[in-house]
Amino acid sequence: MASSSGSGSGSGSSGSLSAATAALAAAAGSEEELRALMEQRRAKRMLSNRESARRSRMRKQRHLDELTAQAAQLRRENAHVATALGLTTQGLLAVDAENAVLRTQAAELAARLHSLNDILACMNTTNAAAAAVSLAAAHPFLAFDGANTFDELLRSCPEMFPLC
């Protein structure tokens, strides 16, 4: 710095000082450039991170919207299935009731058929006994035990003759 105030005749010492100053200035300049470059990279990285975070939020929102739509669709399907199940259950109850009525009617008809078969059997036995009696009356020489025939008739049809 003393050289700058001098007359300029001592150029040897002032040349080395200005080179050092230039080197310091260059180093300071490159340091400033380095800082500026680092700051630029940091700003670029921050911007990239912001964009990445924005895209991530958008993906997350899109996924949430898809899940919400899927949940709504599943709720609609569930309601539809529940309605179908209710109708099917009502139909099943109606068929069960009808089956119970038909089973009762079948049991009643089976009992009536059994009674009619018993009556027919008794009538056939009675007709056979009457035929035997009329045969014995027509042919008195045939051996006929009318008491045994009527006993068999009474035993074969107890519902017709409850006193026996």
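A residue is called buried under 20% relative accessible area, exposed over 50%, and partly exposed in between, as computed with a 1.4 Å probe on protein chains only. By this scale Arg42 is partly exposed, at 37% relative accessibility.

The model is predicted, and local features therefore need pLDDT of at least 70, side-chain atom pairs count only at pLDDT 80 or more, and totals for chains, interfaces and linings use all residues. Residues are numbered from 1 along each chain as its sequence is written, and side-chain values use heavy atoms, with hydrogens and water left out.

Side chains of opposite charge can pair when their charged atoms come close. The structure holds three salt bridges, a salt bridge being a side-chain nitrogen of Lys or Arg within 4 Å of a carboxyl oxygen of Asp or Glu.

Arg42 takes part in one of them: its partner is Glu39, and the closest N and O atoms are 2.7 Å apart. Glu39 is partly exposed at 41%. Both residues lie in helix H2, three residues apart, about one turn of the helix; helices (H or I, at least four residues) and strands (E, at least two) are DSSP runs, numbered from the N terminus.

Helix H2 spans residues 11-138 and also carries Arg35 and Glu31, which are four residues apart, about one turn. Their side chains meet in a salt bridge at 2.8 Å, N to O. Arg35 is exposed at 55% relative accessibility, whereas Glu31 is partly exposed at 42%.

Arg54 and Glu51 form a further salt bridge, with the closest N and O atoms 2.8 Å apart. They lie in helix H2, three residues apart. Arg54 is partly exposed at 36%, and Glu51 is partly exposed at 31%.
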